[in-house]
Amino acid sequence: MATIYDVSVLAGVSLATVSRVMNKNAKVSEKTAQKVQDAMKQLGYRPNAIAQSLASNRSNSVGILVSELHGPFYGSMMSGIEAELRTAEKHVIIAAGHSEEALEKEGIEFLISRRCDALILHVEAVSDEYLVELVKGDIPIVLINRYIAEIADHCISLNNELGGYYATKALLEKGHRQFAYISGPSWKMDAQERLKGHQRALKEFNVPYNDALTYEGDYQETSGSQGTSYLLEQSRPFTALVCANDEMALGAMTVLREKGIRVPDDISLMGFDNIFFSQFIHPKLSTVDYPIKQMGKMAACWTLKHTFNQAEHDITHIFTPSVVIRDSTQAV
């Protein structure tokens, strides 16, 4: 097996020069760098990443913990993170926490054991207290889609309450006064905030909140279907159905279509997230834009600034949602 010494001999340069080329040091001329790269290729030499990590105290990798590995929401988030880090020649290691406290902690410990230089965490089950203590450690940590006041500088989040408010206000401004609502899981902070925003908009327009026309879903398409069936069985009229995410809205649309209820002629339907399929279904889904890809990029920029000293990055900590009106909503 070829060594760095063999590369230096074949290239006719010092060991220090070979090291500089491998670390992409700008002080090495292009001609010399090419000689070293040619020698490495001829010998089939590959740098030992573990040894480099130990020597430099840097692995040039960032750990990402997400709730799930499937679905357009998480795909967009991870794509935004990876693209920004790849541009900076950093690599990612990904683990999933599945919204369970034990699995989230296990995933965090795994990423730390892999000598990641920083962690980007999308976690829902671990406590605020746990995360506050974690941030005090040696590894830079940034949270995405989570806000904790004590460590606000480590958080990249969306104003979910404002998003919930915008979603319902858009329908109120179209004249709707009879609302049904399918929420996310009540234990999740973003679901709580979106429901608060929905209720704030109703109060602003003097429309009573009807608990009987609220169904707790789980952000999955099936709960949107089940929730819509439940709401229709209540025999209480509503002209607008607000769903706390687009996947549940898709499930809702399927049930409404199966029952011969026209969207938006009979019921206007509003989602949340603006994931990619929302503009391709029929009718095209009105929704709240959640810039999760941009937030992923921002979390990556945070790590580049606070871990790799790339001070040129300006950090936005709280993102503002916006309403996207398409064909699933209309005035009454």
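Is Glu-101 buried, partly exposed or exposed? I looked this up in the model, which is a predicted one. Glu-101 has a relative accessible area of 39% and therefore counts as partly exposed, since that class lies between 20% and 50%.

**Entry 1: salt bridges**

I find eleven salt bridges in the structure. One of them joins Glu-101 to Lys-105, with 3.2 Å between the closest N and O atoms. I place both residues in helix α6, four residues apart, or about one turn of the helix. In an α-helix, residues three or four places apart point the same way, because there are 3.6 residues a turn. Lys-105 is partly exposed, at 31% relative accessible area.

I next examined Asp-128, which forms a salt bridge with Arg-146; the closest N and O atoms are 2.7 Å apart. This pair links distant parts of the chain, as Asp-128 lies in helix α7 and Arg-146 in the loop between β4 and β5, 18 residues apart. I note that Asp-128 is partly exposed, with a relative accessible area of 33%, whereas Arg-146 is buried, at 13%.

I then turned to Arg-262, whose side chain meets that of Asp-266 in a salt bridge of 3.0 Å, N to O. Salt bridges with shared partners join Arg-262, Asp-265 and Asp-266 into one network. I record Asp-266 as partly exposed at 31% relative accessible area, and Arg-262 as partly exposed at 48%.

**Entry 2: the open sheet**

In which order do the four strands of the open sheet stand? I read the order as β7-β6-β8-β9, with parallel pairing. The edges are β7 (214-216) and β9 (268-270); each has a single partner strand, so one side of each is left without a neighbour in the sheet. On average, neighbouring strands of this sheet are turned by 15 degrees against each other, direction ignored.

I followed the pairing of β8 (residues 240-243) with β9, which is parallel and runs over three bridges. Val-242 has Met-270 in β9 as its bridge partner. Helix α10 (residues 221-233) packs on the sheet and touches β6 (179-183), β7 and β8. I note an angle of about 150 degrees between the directions of α10 and β7.

**Entry 3: buried positions**

In helix α7 (residues 128-135), I list Tyr-130, Leu-131, Val-132, Leu-134 and Val-135 as buried. Their cover includes α6 (101-113), β3 (118-121) and β4 (141-144).

I located Trp-302 in helix α12 (residues 292-307). Trp-302 is buried, with 2% relative accessibility. Its contacts, leaving out residues up to four places away in sequence, include Pro-140, Ile-141, Val-142, Asp-153 and His-154. I also looked up the C-alpha separation of Trp-302 and Ile-120, which is 9.3 Å for two residues 182 apart along the chain.

Ser-157, in strand β5 (residues 155-158), is buried at 5% relative accessible area. Among the residues that Ser-157 touches, I note Arg-146, Tyr-147, Met-295 and Phe-319. His-317 is a contact of Ser-157 and is also touched by Trp-302.

**Entry 4: a nonpolar surface patch**

Which residues form a nonpolar patch on the surface? I find Tyr-5, Val-9 and Leu-15, with about 310 Å² of accessible area together. Val-9 belongs to helix α1 (residues 4-11). Its relative accessible area is 52%, so Val-9 is exposed, the cut-off being over 50%.

Methods:
Residues numbered from 1 in each chain as written. Predicted model: local features only at pLDDT ≥ 70, side-chain atom pairs only at ≥ 80, totals over all residues. Heavy atoms only, no water. Patch = residues over 30% accessible without salt bridge, like charges linked within 9 Å, V, L, I, M, F, W, Y side chains within 5 Å. Areas by Shrake-Rupley, 256 points an atom, 1.4 Å probe, with all protein chains shown as cover. Salt bridge = Lys/Arg side-chain N within 4 Å of Asp/Glu carboxyl O. Helix = DSSP H or I, 4+ residues; strand = E, 2+ residues; numbered from the N terminus. Buried < 20%, exposed > 50% of the residue type's maximum accessible area, 1.4 Å probe, protein only. Pairing = 2+ DSSP bridges. Axes fitted to C-alpha atoms, helices over the stretch in contact; angles between N-to-C directions. Contact = heavy atoms within 4.5 Å.
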